[in-house]
Amino acid sequence: MDRSLNLLDLALGFDQELADSSPLTGKVVLIEDCVETSGSFVLHQLMKRVLSPNSSDALIFLAFARPFSHYDRILRKLGCNLATQKTNNRLVFVDMLMMKCSDGEQTEGNASPVAKLFREIQETVRKLRSVTNSNITVMVDDMSLLEIAATSSNSDHVLDFLHYCHTLTSESKCSLVVLNHEDIYSSMERPAFLLKMVCLADVVIKAEPLASGLANDVHGQLTVLNKGIGNSGRGGSSRNKLQNFQFRIKENGIEYFYPGFRN
Amino acid sequence: MAATNVRSSSFSRNISVVSSPQIPGLKCGPNGTTFISTGIRDLDRILGGGYPLGSLVMVMEDPEAPHHMDLLRTFMSQGLVNSQPLLYASPSKDPRGFLGTLPHPASSKEDKPTAPDPDQGESLRIAWQYRKYMENQKNSIDDYSNDFDMRKPLERQFLSGRPIDCVSLLDSSDLSVAQDHCATFLSKFPRNSSSIASVGRIAIQSFCSPLCEYSDKESDMLSFIRLLKSMLMVSNAVAIVTFPPSMLSPSSSKRLQHMADTLLSIKAIPDGDKELEKLLTGYKDINGFLNVHKVARINTQVPVILDAKTFSMSLKKRRFLALECLNQAPVDGSSGTSYGTSGSCSGSSKSGALDF
């Protein structure tokens, strides 16, 4: 077996040799985390995979939570230089930190800021498509912050945004990777937003702390639900769709292991 | 710097980068971060150095314990002692009055609880060439943080003529005033890659207090914090915001917790709790508990795992704020069940370390 693949890669189906490189093409990946355990490291892993030198995939990154310098430092430790990828036109980093949606400033043509954001993404995708025919990944590093930014105008816009992004995945063969915080919705009776996201997603990755608390050598556990893997023919059905393993985060990578199998 | 010895290896420490920053009150941290002191030495130690610049610190209040005020006070005093500009906002009619309650740094040597006696140092036989390093170390620590005497008000010299901006959250019907104040304040400390000119501190007390007119507009409060966080990330400043989570809907409270870089919470200690008194040594001296939920991780993906999450807050010599791991008194064999309720250093229980 390829040593470069870890448990998360296997769960996402990176071991299957597909004609069109990435198994995530045209899929929606939802990463859920909570206050105790941040799931951002999964995002970093996927970023690195998309921008790996073996492929020519492009990445559109919508940063709501952290500035470029933060990601640049982390990815550099993982062996990926974001600044170079930017100049190579493989990374489009959209800084959304100061995005504001106030009722006061209605943009031209009654378009909400969220709609404007989607147009921007659509335009970028079109531009990238004209240059390359490889897979394009759209990443949102914190959906809950987009929600906050947009709720002052209308909360439905965020759902619309998600749906539009979903059409992108089918129309122009993009992947969509979204991070959201699950525990925000745990107290709600019917968390429509979260449920719709889970429904849209082909892969749900959930990061949780261990029930026994935080430890130095096990930082938490991941539960990966891969809805699509059974349909891919080739013995996919023999694999469990739902996988659970533990992880330990290090500066230069993540250690994944099954519970009790850490050596 | 007399001993610039010839380096034989090609791997050498780049001294120019590692050298400490010029302004007092700053400390270099890992991953290109810079720390400022929290004003409590124990908390600095627990958090790995202090609050990193550009971070948002959220403190969850307990309606039955006022100790979040102590965190604010020491944070503000430390800033004023290090002559860092300060912005303070609170839901009171006269926020400037709070400045009168700030603690004064312990000045004379004998007041300091931890500083070693200088005479003792003389009598200790240390190789003479190390002595100057000892001296250096002591000085650098003193520049960075002080011990504050919680009973002695901050002297005038630290308050007069200092750039202190006080905002009352009561008057305005929405948060735009506070937001403008924060924006203008933070614009004075833009982050350049090369050097740090000055450092600002923002302290916001009881942010979601029901006294404020905007307290029913949770989305406004959330977007205020989001923008504050965004502005902080590109400034050389630290903001500490205390809020009562019970006043918010659970989902908004969670959102705030997610936005925090460093998340702390205060818990009151019940008076005369017999069972707890048996469990913890020094129960009488403990004023309250401090929980550390999240430690800021800027420029890194590795989480900080602390040995303990719950610390007891107490006043040493009735003056100096001290944080300690909970010390469990030895449990006698008969009452084995009490292990479950102790929840001391493991930090395992999700719902607060102590369930009463």
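Me: Among contacts in chain B between residues at least 6 apart in sequence, what percentage join residues at least 24 apart?
Reply: The share is 75%. Contact here means heavy atoms within 4.5 Å.

Me: Before I go on, what kind of model is this, and how are things numbered?
Reply: This is a predicted model, where local features need pLDDT of at least 70 and side-chain atom pairs count only at pLDDT 80 or more, while totals for chains, interfaces and linings use all residues. Residues are numbered from 1 along each chain as its sequence is written, chains are lettered from A and ligands numbered from 1 in the order in which they are written, and side-chain values use heavy atoms, with hydrogens and water left out.

Me: OK. How many helices and strands in chain B?
Reply: Chain B has 11 helices and 14 strands. These are DSSP runs numbered from the N terminus, with helices being H or I of at least four residues and strands being E of at least two.

Me: And how much of chain B is buried?
Reply: Of its 356 residues, 51% count as buried. Buried means under 20% relative accessible area, exposed means over 50%, and partly exposed is in between (1.4 Å probe, protein chains only).

Me: Now the interface. How many residues of chain B are in contact with chain A?
Reply: 33 residues of chain B are in contact with 46 residues of chain A.

Me: Which helix of chain B gives the most to the side that touches chain A?
Reply: Helix 8 of chain B does, with nine residues. Helix 8 covers 218–233, and helix 9 (250–259) also gives two or more residues to that side.

Me: What does Leu225(A) touch, leaving aside neighbours within four places in sequence?
Reply: Leu225(A) is then in contact with Asp202(A), Val203(A), Val204(A), Lys241(A) and Leu242(A).

Me: And how far is Lys116(A) from Leu225(A)?
Reply: They are 109 residues apart in sequence and 32 Å apart in space, C-alpha to C-alpha.
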